[in-house]
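Have the viewer open and follow along.

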Amino acid sequence: MLYRLRLERDLKRWQEKGLLSEATAAAIRAELAGAHWSISAAGAFAILGAILFGFAVMSFVAANWDGMSKLLRLLLLVGAMWACYGAAAYLLPRNLGRFAHAAILGGIAVYGASIMLVAQMYHMEGSPPDAVLLWALGGLAAAYLVRSEAALGASIVLITTWSLYERMLSETAHWSFLAVWALAAACAYLLRWRPGLHLAAVSLVIWLVPLGALILDNHAHWVVAMIGLAIAAAGSLGGRELDQRLGPVSSAVFAYGLAVTVAALFTLQFIDERAIPSLRAPNGIAVLLLLAVLTLGLLLAAMAWGIHTDNSGAMWIAYAGFAAEIFTLYVKTFGTLLNTSLFFLVAAIIVSGLAWLALRLHRRAQPAVGGVT
């Protein structure tokens, strides 16, 4: 909605300046009106209703569990699940796609509840994360067979939950996540659902960032930083090939790679106490400042690249990382090497240099503009 409002203002301004004809503006508005990616209130409430329906089934069955026979329990669970899928089959041909996908989401919710309740009913022993994985795979199958974006989104959330649950219990890297994640990412690509690809990328970032605490003696955050740099390099240096093969994805790949790198470097400096020497050690402050300089240099380079390529996502990540780095470095080193005035002087010099760099890049990108505000 915000994009459409902004575009409408731009179209009017371009028409007033004579840059755009009335016919071209009308064609752009017609193309925009035909897009089906907007979120309607009815669709949003339908999704929420499906989620609440799943919780209602779970609560009802749990409340009346002892008073029902095993056969009645199974019939109720299976009947509720297939009623949702039957409703979806009824709604899809009638151009009620959002309600149909909400019904599919409700069926997935009942399917998950059935796994848990049947396991409890027959006293099945096993790993609880395996039940979440089975739930996620069922949702992924429904998403692919019915081409349901809502089901795919729920499945990616379940896959992420499964991995976090497994890591919490086993305290291992949980490499098997990558295979299941690849299935979900491939499904999002086949459905041509860009938000699903972003959701899959966020899921991968959530898995990658803590990886350094689970491999190579549990403090290998530099490995995660190198992985993030490799992803960012693929999005920048290999951006043209990526866009030709997969569509316009290079900007997002660069931004997510940058996010992984920044998170890993932040963890390396300020969270993992074993990664660098203590500040009271002879070379502790020197190591910290060296890493801080490298991190700030990387963030400045990312900002420059974001300005050059008009990558707003990378810019916001770089801004947030810069602010977090400066503030945490101040808190970490206050009372040791930097006092308050020196800290803010250094920060002011860095920010002023950044402003000068942004001004130069802006003038280079728009040489025809008479002035810069």
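## After H13

H13 gives way to Asp310, which has a positive phi, near 60°. Helices here are DSSP runs of H or I with at least four residues, numbered from the N terminus.

This is a predicted model, where local features need pLDDT of at least 70, side-chain atom pairs count only at pLDDT 80 or more, and totals for chains, interfaces and linings use all residues. Residues are numbered from 1 along each chain as its sequence is written, and side-chain values use heavy atoms, with hydrogens and water left out.

Among the buried residues of H13 are Leu288, Leu291, Thr295 and Leu299; buried means under 20% relative accessible area with a 1.4 Å probe, protein chains only.

H12 (residues 250-271) packs on H13 at about 165°, with the axes 10 Å apart. So H12 is roughly antiparallel to H13, a label for angles over 145 degrees. Axes are lines fitted to C-alpha atoms over the stretch in contact, and angles run from 0 to 180 degrees between N-to-C directions. Contacts (heavy atoms within 4.5 Å) include Phe254, Leu258 and Leu265 on the H12 side, and Leu288, Ala302 and Trp305 on the H13 side.

## Confidence

Mean pLDDT, the predictor's confidence in each residue from 0 to 100, is 83 for the chain, and 84% of residues reach 70 or more. Over residues 368-373 pLDDT stays under 50. Where pLDDT is low, the predicted coordinates should not be read in detail.

Technical notes: Buried < 20%, exposed > 50% of the residue type's maximum accessible area, 1.4 Å probe, protein only. Helix = DSSP H or I, 4+ residues; strand = E, 2+ residues; numbered from the N terminus. Parallel < 35°, antiparallel > 145°, perpendicular 65-115°, else oblique.
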